[in-house]
Amino acid sequence: MTDPEDADYKCTLNDFSLKKAIEELNEDPKQRLGSVQTLRKWIREQPHFTCRTDTSFLLAILRRAKFSQLVARQLIDNIMTARTTCPEYMANLDLQDPSMLAFLDKEVVVPLPKVDKEGRIIILIRPGVKDLNDPKLSPINEVRYSLGICEMLRDEDENHVINGTLLVFDCTGTGVKHMNQGGMDHNKKMSRIYQDCNPERVKAYIFYNAGTIMELLMGFFKTFFKKKNQERIQTHDNMESLYKVIPMELWPTEYLPDDYKGPSAGSIDSIAANTKKRMMNPEARARVLANTSDKYRLDESKRPKDSAPSESFRKLNVD
């Protein structure tokens, strides 16, 4: 029997993504909604948290969990724990909040408009252009902006969770002060939220022009990131090397040779302006606010005694 919450769902995966979902994420199109309903039933039975139960959210969770109900439950518990203990990072994400728009206006974090041949979204991160004295560009606000953007991207395109994301860090102008801006407690929370408390599937961490801070970067990842994510790190000293990973036509014009005449992603200004237009859409704003509402939280005192308390986030053993 179809749950009323699933009545409006229509799969929008393209053929490439559907094949990958079946082969890599254990998705069975015939059992897809049955899996959603099983997870939704479990959520409704939990007395200690209030969680989203809409089809798109539960599918994102299941795909991140490779359709393991146990891992999906762990991920949901992690998300609820993080939203309760770290609401300043995760709750009530407003795409039109000036502190979130600042990262786009200053072009610190810019999602590029085209996906690569594997269908992966590319997010360009430029710490070196950040004004460390601007309170809007704080480490916490950067996490909020990143989570809000990813929520919007998942809402726009179901293929996103299947294919994942490439994070490209242009470290030009980045120094020790940028690396140490957040401090130990922030870095610990941030790494846990990104790795274990959201549906994103980051497939590579690509660093360009890291230079003298490379050793510091490696120390950061070794301290805070799981081994599998450490193994996804790539370093590049020049654009010729990067073009072998991300083709020239996917880059903003600022990252292309002066004599290049082929297709591109456009200028960073134009990419940021288009992204801002999407963020300023009232419907997109309303959906992200609703999806990240602080009503979705956990009350540890109501957790069943036979359920282990989440004093810390559980590590997920999936991509």
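Five strands make an open sheet, ordered S1-S2-S3-S4-S5, with mixed pairing. Strand S1 (109-111) and strand S5 (233-236) stand at the edges. Each has a single partner strand, so one side of each lacks a neighbour in the sheet. On average, neighbouring strands are turned by 20° against each other, direction ignored.

This is a predicted model. The chain has a mean pLDDT of 93. A pLDDT of 70 or more is reached by 96% of its residues.

How do S4 and S5 run? They run parallel, and four bridges join them. In this part of the sheet, Phe 207 stands opposite Thr 235 in S5. Helix H7 packs on the sheet and touches S1 and S2. The direction of H7 makes about 5° with that of S1.

Strands of a sheet pair through backbone hydrogen bonds, parallel or antiparallel. Empty space is another matter: a probe the size of a water molecule, rolled over the atoms, shows where it is left. Here the count comes to three cavities of 30 Å³ or more.

| Space | Volume | Lining residues by class |
|---|---|---|
| Largest cavity | about 770 Å³ | 23 nonpolar, nine polar, three charged |
| Second largest cavity | about 140 Å³ | seven nonpolar, two polar, four charged |
| Largest pocket | about 450 Å³ | six nonpolar, four polar, 12 charged |

### The largest cavity

The largest cavity holds about 770 Å³ of space. It is lined by 35 residues. Closest to its centre are Ile 125, Glu 142, Phe 169, Met 190 and Tyr 194. Which elements give two or more residues to the lining of the largest cavity? Three are strands: S2 (121-125), S3 (165-170) and S4 (202-208). The others are helices: H7 (139-156), H9 (176-179), H10 (183-196) and H11 (214-224). H7 gives the most to this lining, with seven residues. By class, the lining has 23 nonpolar residues, against nine polar and three charged.

### The second largest cavity

The second largest cavity has a volume of about 140 Å³. Its lining counts 13 residues. Nearest its centre lie Arg 83, Met 90, Glu 151, Arg 154 and Asn 198. Helix H4 (69-85) and H7 each supply at least two residues of this lining. H7 gives the most here, with three residues. The classes are seven nonpolar, two polar and four charged.

### The largest pocket

What is the volume of the largest pocket? About 450 Å³ of space lies in it. The pocket is lined by 22 residues. Those nearest its centre are Ser 56, Phe 57, Arg 154, Asp 155 and Glu 158. Helix H3 (55-64) and H7 each supply at least two residues of the lining. Which helix gives the most to the lining of the largest pocket? H3 does, with six residues. Of the lining residues, 12 are charged, six are nonpolar and four are polar.

### Where the parts meet

H7 links several of these parts. It touches S1 and S2 of the sheet. H7 also gives the most to the lining of the largest cavity and to that of the second largest cavity. In the largest pocket, H7 supplies at least two residues. Arg 154 lies among the residues nearest the centre of the second largest cavity, and also among those nearest the centre of the largest pocket.

Notes:
Residues numbered from 1 in each chain as written. Predicted model: local features only at pLDDT ≥ 70, side-chain atom pairs only at ≥ 80, totals over all residues. Heavy atoms only, no water. 1 Å grid on protein atoms, 1.4 Å probe; cavity = no way out; pocket = protein on both sides within 12 Å on 5 of 7 lines; lining within 4 Å. Points joined across faces, edges and corners; volume = space filled by probe spheres on them. Nonpolar A, V, L, I, M, F, W, Y, C, P; charged D, E, K, R; others polar. Pairing = 2+ DSSP bridges. Axes fitted to C-alpha atoms, helices over the stretch in contact; angles between N-to-C directions. Contact = heavy atoms within 4.5 Å. pLDDT = per-residue confidence, 0-100.
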